[in-house]
Amino acid sequence: MNKFDFTDLDGKVLRCFLVILEESSVSRAADRLGVTQSAVSHTLAKLRVVLGDPLFVRSGQGLTPTERALSLREPVQRVLDGIKSLTDARPFDPLGEEMHFDIAANDLQRELIFPELLHRARSEGVRLSLGFVPSGVPDPALLRSDRCQLVLTPLPPDGPDIYQRHLFTSPLQIYYDASHRSPPDSWQSYCAAEHVEVRFSDGRSANVVMRGVDQSQIRPPTVILPHFGAIPAFVKGSDLISTDTTLMKLGPLAALDCAPLPFACDPVSIYMVWHERSTADPAHRWLRARVEAIAARLQRGTQ
């Protein structure tokens, strides 16, 4: 007779299963969940008995899910979403809850919005903690897997279960070091300049936000970086240029000189994106309202 029955499958056990599935590693799952490896291993052993399947087999340095484990991904996530929805109508007082949110955002959105949000919340006595992952060009799986609960991005993922709200719009401009060069004054001189470009971990360029221009004419980048915060160190003291939003002047690119683009280019809009499971949760509504308020103030300050 099995030692465990289906009532042992509580929310923490199911959450652990999904994290192991996403990380393909007991140690990485333990780090992400903030527990010991032995605790994750014990939970996995319980799951194997209850579900009657090994679920994961060793492969090199990681774990490979069985077909049974893969088939359980969506049903388990639906169960967790159902459990979570039970708390949506709870009385909510931000001072009475300890809140943690994982957020996907690149340098601009992270630095412009969340330091102020956190500092204000803490000054009010709100017990708030935040975790961040780079959003890059975000995929809906980021939200569907609950790897994060909010994404701020100019490239919102799409899906019937994905919600979005426009936060602010910012034109693109050139960043450069005025002690070493003048900004390009034509499309031709812009294309011929040496550029710094950000590329995300999936290989896609941040310049995907440059719409309405033929990027094939632009000289290949001289420097390719993984994040925007590294741009000033390369542009300062050189004739390199970078193309980013005007709001970057308030954040990662504050130390650089800037000038308008010498050609027409659509401005960049930033969106807040979340999964439907978070729509009605009062803590998530509180967070989204705080983000919107700061974004609205930033937009007014640039107009």
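I started with Gln 173 and found its place in strand E7, residues 172–176 (strands, at least two residues, are DSSP runs of E numbered from the N terminus, as are helices, H or I with at least four). A note to myself: this is a predicted model, where local features need pLDDT of at least 70 and side-chain atom pairs pLDDT 80 or more, while totals for chains, interfaces and linings use all residues. Residues are numbered from 1 along each chain as its sequence is written, and side-chain values use heavy atoms, with hydrogens and water left out.

Is Gln 173 buried or exposed? I read a relative accessible area of 10%, so Gln 173 is buried (buried is under 20%, exposed over 50%, partly exposed in between, with a 1.4 Å probe and protein chains only).

Next I looked up its partners. Leaving aside neighbours within four places in sequence, Gln 173 is in contact with residues including Ser 242, Asp 244, Lys 249, Cys 258 and Leu 261 (contact means heavy atoms within 4.5 Å). I also checked Pro 94, 79 residues apart from Gln 173 along the chain: their C-alpha atoms are separated by 39 Å.

Then I moved to Ile 83, which sits in helix H4, residues 67–85. Ile 83 is partly exposed, at a relative accessible area of 40%.
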